[in-house]
Structures are given as C-alpha cells and as structure tokens.
Amino acid sequence: MKMVLGENMYNFLFNIYDFFIILIIPISLLFEGIRRKLIARMQNRIGPSVLQPFYDAIKLFQKTEPNTNKKNIISAVTFLYLLTNFSLFLFLPFSVLSFYFDVVFFVCIFILSMILYIISGLISNPFYRRFGFNRDLDIMLFSGIIFTIVFFTFITFTTQSTFYSENSNTLFRLPIASFCLFVIALLETKKTPFVITEERTEIITDATRTLNGRSLAFMEISKSLRMTFFVFLITSFFFGSYNLLTFSIASLLIFFVFVFIQVVTSCYRFDQIINFLIIVLSLSVVELIGIIL
Amino acid sequence: MHDLKLPIGPQHPAVDEPSSLIVTIENNRIINSNLKLGYAHIGIEKLMEGKTIEQGLHIVDHICGICSVAHPSCYTRAIEKMINYKPTMRVQYIRTLTSELARMQSHIFWAGFMLHEIGLETMLAYFLRDREFVLETLEKLTGNRIHFAIHKIRTVRNDIDEDDIQFIKKNIAKLGKNILNSMKIIGTDKNIKKRLVGIGIIPKRMAKKYSLIGPVARASGISIDVRKDDPYEAYNELDFDIITETDGDAYARMLVRMREILESIKIVKQIIENIPKEPIPTLPPLFIEEGMEAASVEAPRGENFHLIKIKNKKIDRARIRTPTFNFMSIFNKLLEGNYVDDVPVILTSLDPCYSCLERVIVIKDKKIEVLNEDGFRRKYV
C-alpha cells in the first residue's frame, strides 16, 4: 500500500493525527465558545452557550448581504483571509503537511493573512471607519516585524527550520522572545490589554466592522482560527509536541492563560500600545542580535 | 490624519444617554468638540404645572432612575420649608438612610461603568454584584428597586422594623468588605492608573470658575457638600467627612466616589444604631394656597436644586437644576487636547445624567404660544 500510494500520501491517509486539521474550524469555534463561557464565569455571569459561535456562524451564513458592486470581491477577500488563516495550521505539529515547508514560507503566509485583513477593511470601509483602518495598518506593521524577528530568534536558537521538535522547551531559555510572542498573540487576536480600537464604545471600530452576512462569518471564523493558531504555536514552542494528548493539555493551559489575561486587564490607549510595542520591538531585536553574536 | 470630524451620537454606545457630540480630530487628538443636548427631553417642569403638591411629588420621583431619592427629597424639603414644618426625627432618619443607600448604589454603578469604559469588564460585573446588596436593601425598605418613592410630604411612606435593620447590617457588612477589596485593586492596578491618571484634569481654579459641584468639585480640592454646608434631614446629627482629592483628574474622581461609598456606609451604620423609636405620622394630603420656596440637597452627582411656586393649591412653576447642568459647561473644554480614546473616560468621569438635565426650558415659541400638558404631548412627545 505504501509503495502504491507513495510515502507522503500513505502518511496523509493513514496517520490519525493528520485528521486533526480537518477538525480545526470546529475546534477553533469551540475554543471561542469556551473563551466566552470562561470569561463569563470569572465575571460572575452565566454567559452564552459554548456552542454559541456555531450558531452565530450559521446565522451569518444565512443572512443576505447588501447587493453592492463590491459584494463579490469582499466575499472573495474575506474567504482568502480565512484560507490563509487555515493554512497556518499546516505548519503546526499534528497536521497534514507539517514540517515539509520552510519557515520563511510560513512567515510569508502569516504576513499575507495580515495584508488580506487590511484589504478586506479597505474595500468595505466607509469614510468614518478609516480611523480604525489606519490603526490596524500601524499595528500590522509592528506585529509583522516583531513576529518575524521573534520567529527567527527561535529558529536561530534551536537551529531547526520547522516547528516540530520534541524538546523545544524555550519558555525559560528565551524569555524575552517568549514574552514578545505572547504580546503579538494578544495583539493579533485583538484581545485586552491590546485592543487597538475603541470597539466597546464604537467610537473607533476596526477596519472590518462594516462587513456582514457571509463575509462577516468568514471574518469571525478567521478570528477564532487565529486565536487557536497562536495557542497551538505557543504550545509547540514552549512545551514541545510529544504526543497529541500532551499537546492538547498544554494548549488548554496556554488558552487559559490567554483568557485570564483578558479578564484581569483593562485596555491600553492606542498611543500607549504603540509606545509599548516600540519597547517590545527593541527587546526582540536585542535578543536576536545577542543570539546571533 | 487631518481635521476629521467624528460624530458620536445621538444614539451611541459611548454615551449612556442620547446626546450628539461632534469632535474634530487631528493626529488622534481632539482639537475641537461640540456637544448638543435635547434628545432626552421629557418635559418634567411643564408636566408639573397645574398639578397638586402630591401629584408633583409623584412626578419628581420619576425624573431619574439613579437620583430617585434626591429629587423627591429636594421637593419635600422645599414644600416643608414653605409651610415651615419640621418632620419627626424618625422620619428624617429614614429619609437619610434611603438617601445614603441611593448614593451608594449610584457611586457603585458609576465605578463599574467607569472601569467598563477602559475595558475592564470584570470589575463592572463585580460592582454590579455589589450594587445588588444595596438594591436588595432598598427593595426591602421601600418595596421598589429603581423608583423608591419613600418620600411623602411631612412623612415617609414606609417605616422600618428590627428585621429590616438586621438585613441592612448584614448587607452593609458584605458590601463594605467588597468595596475595600475593589479599592485595593483600583489603588494598585497599573493599567487602571495609566488610563485614568492625568485624564480630564480640572484644576481647583477652573472648578470654581465653572461652578462645579459634587464629587467632581471635591476631586479638584473644593470642599463643597450640601449635607455639611446646609444640613437637612438628619445629617447634622451624624458624623461624616467631606471627601476631597487634589489632582482633579478622572482617577481622583474615581477615588472620591469610592471613598464616599465608605462614608455612606459609616452614615448608614450610625443611622441604624441611633434611629429614634417613635411612630411614623400618618397625615392627609397637603394643600397650600400660595407660596414659593427653593431647596437643595446633595444628590449622588452633586447639588440638586428645586424651586417650587404654588398658586391656588396647584404648582404654578417648578424649576429644577440638576448637577449635570454644571458639569456639561466644562465638558467641551475638557476634551480639547485629549486623545479621542479618552472621550468615554472623560464623559463618564463627570457622571452626567441627561434625563435629569433636560426639561422644558422654553414654553413659549415666537408666536407666544403657551403649551398646556395636552398641547405639549401632541407637539413634542
């Protein structure tokens, strides 16, 4: 069988871990549901059902979008954003195509997803949303650069060009880069304390706030995917990936840390976030230079 | 980004009540702002005209959900001054008790929303939980959770018994413990300080210039409080301090209100220890032929002022000035130069209440048309 199908195809079809990626969208939506529930319970509220993100997604897919001339292009861009976020999981452990691509390709996909987010906002953006759009753009520049630096710091340190490592416990060995990665994760998932827009009060909303219907469903699923991706990424760096069970438990632990940070912190103002990111950027550069030297 | 005009409102999540704020922004900072009010106009003053004194009390009970003790308290004070009547001590103690409980729930509610504005939803949830202790107490005392309606002219609607006192003691003890914990968090959390310290600063001189009152003035170092300056109800029998801070920023306003909750707890404890044991008088409705009197009380947001004119046993004219009237004069000034992200923080730190503020001010148009209640309803409601 192995000879007939070829080694890669055989691994693809018969490695049970490979099917992990097929479930990644439901897992991400479940994570989002658990996140909301956990936050509610910590805040002394009952909170929504854990399955609420599924209901939300189904409802959004059923809604009709306004019949504008941009309708199809908005749907296409948001779908591409979903696709790029989904494809990020291909590089993680326990996935179909993991470890066959170089990390440079991964960074490119990551930055492409950011650009698609900005484009989706740019297309759908009415006049008063440009404030949030500008902020998103600023943050994209910072987080893209810091993420790339942090990533190459990890790669330089571990001398591995893939994520897969059974002893990649870098949490204490690279504390600054680990901290920077946490910051980027919170920033990219738009969670407190790094909520760049004033979305609670809707004075300044993010670039994609005017999406609706199917496009919004793609966007919301993408956001859940992005959060789950960062949880898995940090888990694979900090705890390694020995087996699926250990990986899952460690992921839940990291996920709980994420939720806890959201619950106990208030939001920074935009200028405070930028000042903070300048410090984070400087730290990440210093650590990379230190490792190279 | 140059000179972007950003409209906030009239219906907007950033403002709890309808108002239209247009801010001009340059480089994330506000260079100009324009606040328009008039969207929560409910015509209270006009509605009161032609009503009997008891009916007027019922209307002022419903001016505001948060100040629903302060308004009837001020109104009854004005009427009782008019007839030169001093209620019994027990009545005065019960009124003071409800006033302080209402102040506590207002401040707790405000503190929660203030922290919600900076993204700390958890504290909002905890403050709402704490507020429930006060609301349960008020519900036990008055039978209501929002419009308490405890006041009657010359007396009160409900008496309190030993069970009520035990219930108050239990709830106040729990509340005091939770408020101290919350104060500890507010005092130590760096993120909260980063968002509130130095925001919306009102120096003492400016506070005097704009005639600010209440916790906003006290946060700027002005020791002003009707409870001390012109004591009413049982306040001159009770021991409490006027809380002041000197910084005049949003954080100082937060500290003043939090410390005032503790002062209110102190007052409530004194009331339940010292409340005189005597019957509550049951009196018939009051009719006054003619008279005019003004009174003020310390509402949770500051000095509340009522001017009542009676003619032929009916209210001829009512003038109500709420603390928000004073605050909103400085609002545009405070926004200038601040980041646009701080608009909700500054607005909430003043604790405005438009439903209190907006009333019938113009009753005649250019054709000199005087509107009665029905006419007003047809035209404006």
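In this predicted model, helix α9(A) passes helix α10(A) in a right-handed crossing, the near helix being turned clockwise from the far one by less than a right angle. Local features need pLDDT of at least 70, side-chain atom pairs count only at pLDDT 80 or more, and totals for chains, interfaces and linings use all residues. Residues are numbered from 1 along each chain as its sequence is written, while chains are lettered from A and ligands numbered from 1 in the order in which they are written.

**Helices α9 and α10 of chain A**

- Helix α9 of chain A covers residues 213–238 and helix α10 of chain A covers residues 244–264; their axes are 9 Å apart, at an angle of about 120 degrees. Axes are lines fitted to C-alpha atoms, for helices over the stretch in contact, and angles run from 0 to 180 degrees between N-to-C directions.
- That angle makes α9(A) oblique to α10(A) (under 35 degrees is roughly parallel, over 145 roughly antiparallel, 65 to 115 roughly perpendicular, the rest oblique).
- From α9(A), Val231(A), Phe232(A), Ile234(A) and Thr235(A) meet residues of α10(A) that include Phe247(A), Ala250(A) and Phe258(A). Contact here requires C-beta atoms, placed from the backbone, within 7 Å.
- The contact of α9(A) with α10(A) has eight nonpolar, two polar and no charged residues. Ala, Val, Leu, Ile, Met, Phe, Trp, Tyr, Cys and Pro count as nonpolar, Asp, Glu, Lys and Arg as charged, and the others, Gly among them, as polar.

**Helices α5 and α9 of chain A**

- Helix α5 of chain A (residues 71–88) and α9(A) have axes that come within 9 Å and cross at roughly 20 degrees.
- This makes α5(A) roughly parallel to α9(A).
- Here α5(A) passes α9(A) in a left-handed crossing, in which the near helix is turned anticlockwise from the far one by less than a right angle.
- Among the residues in this contact are Phe79(A) and Leu82(A) of α5(A), and Phe218(A) and Leu225(A) of α9(A).
- By class, the contact of α5(A) with α9(A) comprises 11 nonpolar, five polar and two charged residues.

**Chain A overall**

- Chain A holds 11 helices and zero strands; these are DSSP runs, with helices (H or I) of at least four residues and strands (E) of at least two, numbered from the N terminus.
- Chain A has 293 residues, of which 42% count as buried (20 or more other C-beta atoms within 10 Å of a residue's own; 12 or fewer is exposed, in between is partly exposed; C-beta atoms are placed from the backbone).
- Of the contacts in chain A with a separation of 6 or more, 76% join residues 24 or more positions apart.

**Nonpolar core**

- The largest nonpolar core has 165 residues, and Val150(A), Ile184(A), Leu212(B) and Met254(B) have the most contacts inside it. Such a core is a set of buried Ala, Val, Leu, Ile, Met, Phe, Trp, Tyr and Cys residues joined through C-beta atoms within 7 Å.
- The largest share of this core, 14 residues, comes from α9(A).
- Leaving out residues up to four places away in sequence, Leu212(B) touches Ile202(B), Ala207(B), Ala217(B), Ser220(B), Asn326(B), Phe327(B) and Ile330(B).

**Where the chains meet**

- Chain B has 28 residues in contact with 26 residues of chain A.
- On the side of chain B that touches chain A, the largest share, five residues, comes from α5(B).
- That side of chain B has 16 nonpolar, five polar and seven charged residues.

**Gly43 of chain B**

- Gly43(B) sits in the loop between β3 (29–36) and α1 (44–48) of chain B.
- Gly43(B) counts as buried because it has 20 C-beta neighbours inside 10 Å.

Conventions:
Contact = placed C-beta atoms within 7 Å.
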